[in-house]
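Here is a briefing for a first look at this structure. Please keep the sequence and the model in view while you read.

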There are 4 protein chains.
Amino acid sequence: MRKTKPIRSDIAWSTPDRITVRGKDMASEILGHMNLGDMAFLQLTGKGPTPEQSRVFNAMLITLVEHGITPSAIVARMTYAGAPESLQAAVAAGLCGLGTVFVGSTEGAARMLYEAVQAAADTSDLERVASATVDAFRARKEIVPGIGHPYHKPVDPRAPRLFEIAAENGMAGRYTTLMSLIARQAEAKSGKPLPVNATGAIGAICCEFGFPWKVVRGFGVMARAIGLVGHILEESQQPMAMEILWRTEEEAARHLRPTSASADGVTS
Amino acid sequence: MRKTKPIRSDIAWSTPDRITVRGKDMASEILGHMNLGDMAFLQLTGKGPTPEQSRVFNAMLITLVEHGITPSAIVARMTYAGAPESLQAAVAAGLCGLGTVFVGSTEGAARMLYEAVQAAADTSDLERVASATVDAFRARKEIVPGIGHPYHKPVDPRAPRLFEIAAENGMAGRYTTLMSLIARQAEAKSGKPLPVNATGAIGAICCEFGFPWKVVRGFGVMARAIGLVGHILEESQQPMAMEILWRTEEEAARHLRPTSASADGVTS
Amino acid sequence: MRKTKPIRSDIAWSTPDRITVRGKDMASEILGHMNLGDMAFLQLTGKGPTPEQSRVFNAMLITLVEHGITPSAIVARMTYAGAPESLQAAVAAGLCGLGTVFVGSTEGAARMLYEAVQAAADTSDLERVASATVDAFRARKEIVPGIGHPYHKPVDPRAPRLFEIAAENGMAGRYTTLMSLIARQAEAKSGKPLPVNATGAIGAICCEFGFPWKVVRGFGVMARAIGLVGHILEESQQPMAMEILWRTEEEAARHLRPTSASADGVTS
Amino acid sequence: MRKTKPIRSDIAWSTPDRITVRGKDMASEILGHMNLGDMAFLQLTGKGPTPEQSRVFNAMLITLVEHGITPSAIVARMTYAGAPESLQAAVAAGLCGLGTVFVGSTEGAARMLYEAVQAAADTSDLERVASATVDAFRARKEIVPGIGHPYHKPVDPRAPRLFEIAAENGMAGRYTTLMSLIARQAEAKSGKPLPVNATGAIGAICCEFGFPWKVVRGFGVMARAIGLVGHILEESQQPMAMEILWRTEEEAARHLRPTSASADGVTS
């Protein structure tokens with residue numbers, strides 16, 4: 001017979017007259033005293049942020065809220081068009097695609113930085129750690145995460161600003177330095193401009209906070225949930241989902257029936 | 001032949017050296033100047049909040065982040081147990097159930113308040129509007145949304161605190177007043193204690209902001225996404241999902257095979 | 001103290017050497033003896049289908065598997081593009097939009113037929129029931145579900161074929177008759193061609209089976225899950241998701257920056 | 001300026017009077033002529049199955065429909081409890097967890113078999129290929145996928161039945177043989193009983209069909225969608241979701257407040 005294990009959660013509990021989250025009283029210690037980013041910090045770490053941590057953590061999350069017309073925005077809008085009574089499912093659908101391709105480089109940058117420092121015999125020489133890290137990625141023919149950007153050239157404007165905010169709040173450290181050095185080494189070894197991008201900056205800042213790299217993806221998920229509600233609200237007022245659908249099926253229909261002169265109609 | 005319609009979004013755009021969200025430059029006007037709740041406000045309304053709006057809006061969202069062991073928390077944890085490589089899908093699964101049963105009363109309260117004011121011949125007499133509203137719900141044998149709580153008795157501690165924050169910031173108005181009056185009328189007509197609960201307070205505050213009631217559910221969705229990342233992080237360190245599963249299937253197995261003396265095993 | 005309720009499921013159970021679903025032994029009574037549609041019937045009704053039920057039920061489900069380029073297909077493909085390691089989440093995202101707009105009319109047709117028969121004083125005169133039903137929809141200015149099609153004109157070829165299969169297998173009855181009569185009445189009263197479409201035929205057949213209208217949507221969901229795996233497989237070999245994304249964001253960018261001569265780039 | 005690429009899909013198309021899927025006319029060639037498993041085969045491969053393929057493919061999918069009380073069943077039921085108006089989102093949530101932990105071994109078995117054959121210098125000696133494969137897994141301290149079962153002992157009854165059906169239909173071949181040899185080698189090398197389980201049998205049969213291993217997970221997803229609709233229907237009639245929730249939060253509350261004598265109930 002299987003031995004039953006206890007079920008417990010240390011995040012929150014309630015009595016009839018109190019709700020406590022991470023040891024803080026919701027009514028008297030949280031509401032009116034914290035902003036939403038601070039609450040996220042409390043929820044994840046069990047502690048309220050210092051003012052410096054609050055500024056850096058809020059900036060990091062804000063960076064991930066909105067990226068314009070992304071796959072997740074289109075997915076949320078199309079899902080909402082089919083099930084407007086289930087706004088929550090439209091956000092959920094939009095989040096499902098935040099996997100290795102689009103948010104992977106944030107996670108990948110954090111993982112690279114942690115592993116580089118752990119593997120290093122001597123972490124006082126970060127220049128050498130950076131060089132070895134870039135060499136290892138190049139030897140495996142893998143892309144170094146967190147550097148370069150196909151559109152934001154020569155510099156992704158979010159990255160230096162995030163590093164500036166980290167520095168102003170005493171949160172620039174070995175990981176932000178190492179990320180910058182890795183970018184410089186990659187530029188030298190490849191001969192291409194490859195500055196730190198937003199995902200590299202965020203990955204490095206996550207390391208400064210000490211967040212496990214496996215949860216880094218969660219920051220993109222929570223921030224993007226906010227952005228997607230904005231896209232759904234706009235879709236309800238100024239829709240694009242059905243127009244995208246119609247254009248797509250019209251073109252797909254043309255390719256399938258090239259000889260049909262009257263093929264101006266549409267599937268459904 | 002169908003006439004093509006333009007596709008446009010007014011939320012964000014980019015040039016190689018700038019990212020602009022709702023008309024504000026990400027690097028110089030948003031990062032370091034706003035908190036995450038403010039960014040959500042900007043994303044949804046197109047404008048940054050005033051300091052007063054910022055305090056009320058952040059408090060409202062924070063209230064919805066964490067409610068302990070909820071269905072959505074269990075769902076996210078169980079999904080993560082099966083697909084730990086897809087943290088985003090675990091959050092998505094948890095959000096899918098934020099429908100009419102659990103977050104419906106926030107939406108329902110906002111809708112009730114808007115419709116009560118629109119239907120009223122004379123909105124100067126809110127006491128009468130409240131009485132008519134309660135009568136109409138009672139005549140339809142529907143539950144008045146936003147009042148009473150099965151556990152937080154006599155008072156849901158979040159509601160008076162949210163109203164206090166609204167009042168301190170000049171955002172108490174006809175909707176917060178009407179919500180309180182509706183609760184009082186419902187208590188008088190039913191003879192039961194039915195104070196405004198957290199969802200009633202949030203619904204009323206959404207009306208003060210002027211948010212369409214159809215987007216009110218979105219606030220619960222974005223806030224809960226934050227809470228779920230916290231539960232997933234805890235599940236990765238102190239799991240409960242498989243224990244819940246095993247207990248459930250053990251009990252279900254006992255009901256199906258009552259005569260089997262050796263039925264101590266489990267399906268899978 | 002809350003009284004614990006039992007947890008039980010009557011769908012399936014296992015012993016070390018047997019798996020039983022709905023009372024049938026998986027190895028000796030199900031595998032090799034049933035097709036997938038029959039298994040779906042067993043899972044939902046607790047009984048294996050008769051040969052006639054098997055033919056009709058399989059045909060009904062098959063109709064819903066594939067509809068070309070639909071919102072759910074685009075959503076599944078875009079989600080897969082972002083998270084190719086989570087095929088299951090791509091299918092899930094595609095299913096999230098099967099709500100009131102696109103699969104609603106199947107559910108709506110079944111509900112209409114059940115309610116029309118329940119409300120009728122005399123169900124021997126189905127012509128009169130049909131007339132009253134259409135009048136009621138017209139009075140409420142609601143669209144009669146299950147009739148007409150914007151593209152498949154004059155007749156949706158799936159509907160007469162499904163009715164033919166039902167008739168050949170002794171499953172045409174009062175509901176399929178009523179559906180046809182409703183279409184004829186709607187045509188007479190509106191002066192427009194409004195033959196029964198695929199969703200009307202499916203709704204009527206669901207009523208002949210006696211399925212509750214609330215589960216009718218589930219047939220579309222299970223069938224479309226099959227179709228979406230097909231689209232994801234094609235996306236992995238012949239992708240369209242990123243091309244749709246790029247075109248959409250390019251056009252959205254043009255609308256936002258009409259004066260910028262060099263605006264040929266795009267965000268990501 | 002980016003060069004536009006064509007958008008096309010070869011799965012299905014329509015004209016006003018015809019719907020064609022994979023080159024077959026829906027009304028005259030598919031409906032009434034195929035079962036749901038055959039349609040899935042057509043959708044994925046572009047060809048209708050032979051009678052032999054039909055029997056094996058249907059059996060394989062049926063095996064994956066229902067596994068009793070699984071995490072995905074609980075997730076679907078809990079999501080439905082919160083959003084009963086969105087049945088599709090409840091199925092979607094249940095599918096999200098079909099990741100590496102629970103359906104991974106089917107995919108893993110198929111991949112192992114393909115890679116073992118590709119890597120083998122001489123595929124005529126499958127015994128040697130099996131031995132080398134098991135050695136490689138043991139050297140990497142990885143679990144060999146597709147063999148052994150914690151509950152179905154000594155034999156998972158689905159596996160020999162699936163292999164029997166494959167053999168009866170001329171679809172037993174090098175991959176089913178290799179899977180059996182791998183199980184025997186693993187038993188010999190480990191000294192433990194490790195017969196082929198259902199996921200090993202399915203993985204091997206997928207290889208006999210020639211399906212890419214990356215789509216193998218899709219068979220579990222489409223089959224389980226059917227099973228989940230069955231669980232949701234039962235939940236609507238004989239619920240368990242809220243009972244699971246209440247028990248879980250009651251226990252979690254006890255662990256958090258061990259000294260509170262009156263802590264006998266909790267909500268949220």
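This is a predicted model: local features need pLDDT of at least 70, side-chain atom pairs count only at pLDDT 80 or more; totals for chains, interfaces and linings use all residues.

Buried area is the accessible area (1.4 Å probe) that two parts lose on being put together, summed over both. Between chain D and chain C that area is about 7,500 Å², and carbon and sulfur atoms give 66% of it.

Residues are numbered from 1 along each chain as its sequence is written, chains are lettered from A and ligands numbered from 1 in the order in which they are written, and side-chain values use heavy atoms, with hydrogens and water left out.

**Chains D and C: the interface**

- Chain D brings 85 residues to the contact (heavy atoms within 4.5 Å), and chain C brings 85 residues too.
- The copies meet through the same surface, because 100% of the interface residues of chain D are also interface residues in chain C.
- Four salt bridges are counted between chain D and chain C. A salt bridge here is a side-chain nitrogen of Lys or Arg within 4 Å of a carboxyl oxygen of Asp or Glu.
- Arg2(C) and Glu243(D) join their side chains in a salt bridge, at 2.9 Å from N to O.
- Polar contacts between chain D and chain C come to 35 residue pairs, both residues being at pLDDT 80 or more. Such a contact is a pair of N or O atoms within 3.5 Å; within protein, one must be able to donate a hydrogen and the other to accept it, and residues adjacent in sequence count only if both atoms are side-chain atoms.
- Helix 11 (residues 213-237) of chain D gives the most to the side that touches chain C, with 14 residues. Helices (H or I, at least four residues) and strands (E, at least two) are DSSP runs, numbered from the N terminus.
- That side of chain D divides into 44 nonpolar, 21 polar and 20 charged residues. Ala, Val, Leu, Ile, Met, Phe, Trp, Tyr, Cys and Pro count as nonpolar, Asp, Glu, Lys and Arg as charged, and the others, Gly among them, as polar.

**Chains B and A**

- About 7,500 Å² is buried between chain B and chain A, with 67% from carbon and sulfur atoms.
- Leu36(B), Ile62(B) and Gln88(B) supply 10% of the area that chain B buries against chain A, more than any other three residues.
- Four salt bridges cross the interface of chain B and chain A. Glu250(B) forms a salt bridge with Arg2(A), with the closest N and O atoms 2.5 Å apart.

**Strands in chain D**

- Strand 1 (residues 12-15) and strand 2 (residues 18-21) of chain D run antiparallel, joined by four bridges. Strands pair if DSSP finds at least two bridges between them.
- Ala12(D) stands opposite Val21(D) in strand 2 of chain D.
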